[in-house]
Every structure is written in C-alpha cells, then in structure tokens.
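Hi,

Here is the structure I said I would pass on.

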Amino acid sequence: MRVQSSATTAPRIAVAADRDRSGLGTLQAALGVIAFSLTFPATAWGLEGFGPWSLVAVRSVLAAVIAGGCLLALRVPLPDRRHWPGLAVVGGGVVLGFPLLTTLALRTSTTAHAAVVVGLLPLTTALCSALRVGTRPSRTFWAAALAGAAAVLAFTVQQSGGALSTADLYLFAALLVCAAGYTEGGRLARVMPGWHVIGWALVLCLPLTVPVAALALAQEPVHVTPHSVTGLLWVAVGSQFVGLVVWYRGMAAVGIPKASQLQLAQPLLTLVWSVLLLGEHLPVAAPLTAAAVLVCIAVTQRARG
C-alpha cells in the first residue's frame with residue numbers, strides 16, 4: 001500500500017480549507033446582501049411613523065445599545081489606537097452617512113428607484129478598495145463589474161426619464177460615503193472580528209446619535225404603528241448590526257471587490273420586497289436587468305483578482 005507523505009497531503013488540505021473559507025465567506029456576504037435588500041422597504045415603513053432624522057438617529061442608538069451590550073458581556077477589549085480612525089470612517093459612512101442620505105431620498109423617491117441607483121455601490125466599493133487597499137482585480141473582473149453597473153444605470157435612466165432629482169443626488173452621495181465605510185470596514189475585518197468593527201463604530205457614534213435622537217424626537221411628529229415600529233426595528237437590528245456583521249466577515253474572507261459584486265443582486269431583491277411589502281409597481285425592465293446582473297455576478301465570482 002502506498003502512503004502519501006505529509007508534504008503531499010498538506011497542500012491539498014490547505015487548498016480544501018481555503019475553498020471552505022471562501023464558500024463560507026461568500027455565504028456570509030450573501031446573507032448581508034439579503035439583510036440590506038430589506039433596508040429600503042423597512043425605511044419606508046419607518047417613515048410612516050417617524051421623521052427622517054428621528055428614524056436615523058434612533059436606529060443607530062438602538063443598534064449601538066445591542067452592539068455595546070454584546071461587547072461588554074463578552075469583555076471585548078478596546079481596539080488599538082491605530083484602528084480608531086478607520087472605525088470613524090465606518091461610523092461616518094455606514095452608521096450615519098448612508099442611512100441619513102438614503103432616508104432623506106426615500107421621502108420623495110420610491111424604494112424601487114432608490115434600489116437601482118444604489119445598485120452602483122459594488123462598482124463604487126471596488127474603486128474605493130483599489131485606491132485605499134491597493135487591490136488589483138483582473139480585467140475580466142472589471143469588465144463584468146462595469147457591465148453590471150451599466151445595466152443598473154440604464155435601468156435607472158429608463159425609469160427616471162434621464163432627469164436627476166434631489167433624491168438622486170442624495171443617493172449618489174450615499175454611494176460615496178457607504179463605499180468608503182465598506183472598504184475601511186472590510187480592511188479592519190481582516191485584523192478583528194467583523195462584529196467588533198461595526199460594534200465599535202456604532203458605540204463611537206453614540207455621543208452624536210443620542211443627543212440628535214432626543215432633539216429629533218422632540219421636533220418631529222411620531223405616530224407609532226405596527227409598520228413604523230417593525231421598520232425601525234429591522235433597520236436597527238437587521239440592517240445596522242446583524243447584516244453588517246455577516247457582511248464584514250464575508251468581505252474579510254473573499255476580498256472586498258468580489259464580495260461587493262454580490263451587491264449587484266441587492267437592487268433586484270429590493271424590487272421584489274417593494275412589490276410584496278409596499279405594493280409598488282414592478283418595472284417591466286426588471287427581469288432583463290436581473291438576468292444581466294446575475295450573469296455579471298457569476299463572472300466576477302470566477303474572475304481572479
């Protein structure tokens with residue numbers, strides 16, 4: 001009987017471990033995308049009972065309380081001083097900037113329209129990653145990413161008649177700040193658990209979100225309804241904390257550019273939720289965009305950076 005040497009079997013075990021890690025990372029990133037796809041419909045529900053500033057500030061405070069409780073219960077030590085600037089970028093982009101800008105946009109925009117505009121986020125994140133982290137994806141990767149972004153952009157222009165509204169400007173600004181937050185969070189998730197990243201970012205924002213929440217609740221009318229409470233709880237727990245935890249873990253495992261391309265499916269999932277939960281009209285072009293986006297996702301996942 002021929003016995004394989006440890007020198008022969010060790011590389012095979014390492015390759016299998018890398019594949020398992022990549023598969024788990026892809027699954028975690030996909031779960032994050034599913035959680036994020038419900039954010040806009042949940043925000044629309046939340047706006048039925050809360051003002052935009054109240055909704056954003058309260059969701060951040062609730063998420064920070066949950067995250068802070070977990071960090072305290074598990075006695076997680078404070079991050080190294082060198083990580084705090086990165087956590088501030090995550091807080092400014094993901095905890096504050098993106099929720100506020102998209103919530104302001106959803107006052108006048110449908111969730112379907114907002115979803116397809118934010119569909120450009122994967123390309124924005126990949127570009128930000130290339131500048132910040134120094135990643136160099138392949139030409140095939142970029143071609144597929146640009147094709148997916150073009151499909152989303154064409155869908156947006158077709159739906160809006162080619163005119164940009166104030167809501168669109170809010171959404172484009174949200175793309176930039178969110179891409180920066182995703183990139184910095186994905187980088188930090190390589191040196192600390194993903195939930196530590198978003199947890200500390202949420203806690204870091206508490207000195208700002210607590211007074212803003214108190215002031216906004218005093219100034220904006222509040223109408224407590226099942227929809228508004230459900231929407232608030234989802235954006236606070238599902239989108240702001242749990243979704244980001246699995247998302248950052250996924251990015252750390254498979255890389256920022258590849259994980260970000262999974263978000264090409266997010267606007268299409270949001271379109272489905274907007275019909276099922278909000279009764280919005282599904283555009284005729286959605287199935288064609290869905291097919292194009294899914295092809296692009298398949299190509300980017302196979303392309304090697």
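Let's start inside: 15 residues line the largest cavity, and Phe 36, Thr 39, Phe 98, Tyr 182 and Ser 239 are the ones nearest its centre. Before going on, some housekeeping. This is a predicted model, with local features needing pLDDT of at least 70 and side-chain atom pairs counting only at pLDDT 80 or more, while totals for chains, interfaces and linings use all residues. Residues are numbered from 1 along each chain as its sequence is written, and side-chain values use heavy atoms, with hydrogens and water left out.

**Cavities**

A word on terms. On a 1 Å grid over the protein atoms alone, a cavity is a set of points where a 1.4 Å probe fits but cannot get out; a pocket is an open set with protein on both sides within 12 Å along at least five of seven lines, and lining residues have an atom within 4 Å of a point. Points are joined across faces, edges and corners, and a volume is the space filled by probe spheres set on them.

Searching the whole structure turns up two cavities of 30 Å³ or more. The largest cavity holds about 140 Å³ of space. The elements giving two or more residues to its lining are α2 (39-46), α4 (84-105), α8 and α10 (226-254). (Helices are DSSP runs of H or I with at least four residues, strands are runs of E with at least two, and both are numbered from the N terminus.) By class, the lining of the largest cavity splits into nine nonpolar, five polar and one charged. Here Ala, Val, Leu, Ile, Met, Phe, Trp, Tyr, Cys and Pro count as nonpolar, Asp, Glu, Lys and Arg as charged, and the others, Gly among them, as polar.

The second largest cavity has about 50 Å³ of space. Its lining is Phe 36, Phe 40, Ala 115, Val 118, Gly 119, Gln 266, Pro 267 and Thr 270. The lining of the second largest cavity has five nonpolar, three polar and no charged residues.

**A pocket**

The second largest pocket has about 150 Å³ of space. Trp 53, Val 56, Ala 57, Leu 96, Leu 100, Leu 208, Thr 209 and Val 212 form its lining, with at least two residues each from α3 (52-73), α4 and α9 (194-219). Seven residues of that lining are nonpolar, one is polar and none is charged.

**Helix contacts**

For α5 (residues 111-118) and α8 (residues 166-188), the axes come within 9 Å and cross at roughly 40 degrees. Axes are lines fitted to C-alpha atoms, for helices over the stretch in contact, and angles run from 0 to 180 degrees between N-to-C directions. The two helices are therefore oblique to each other; angles under 35 degrees count as roughly parallel, over 145 as roughly antiparallel, 65 to 115 as roughly perpendicular and the rest as oblique. On the α5 side, His 113, Ala 114, Val 117 and Val 118 meet Asp 168, Leu 171, Phe 172 and Leu 175 of α8, where contact means heavy atoms within 4.5 Å. That contact divides into six nonpolar, one polar and one charged.

α8 also meets α6 (residues 121-132): their axes come within 8 Å and cross at roughly 55 degrees, which makes α6 oblique to α8. Among the α6 residues in this contact are Leu 121, Cys 128 and Arg 132, and among those of α8 are Leu 175, Tyr 182 and Arg 187. By class, the contact has eight nonpolar, four polar and three charged residues.

Finally, the axes of α2 and α5 come within 10 Å and cross at roughly 140 degrees, so α2 and α5 are oblique to each other. Phe 40, Pro 41 and Ala 44 of α2 make the contact with Thr 111, Ala 114, Ala 115 and Val 118 of α5. It has six nonpolar, one polar and no charged residues.

Cheers
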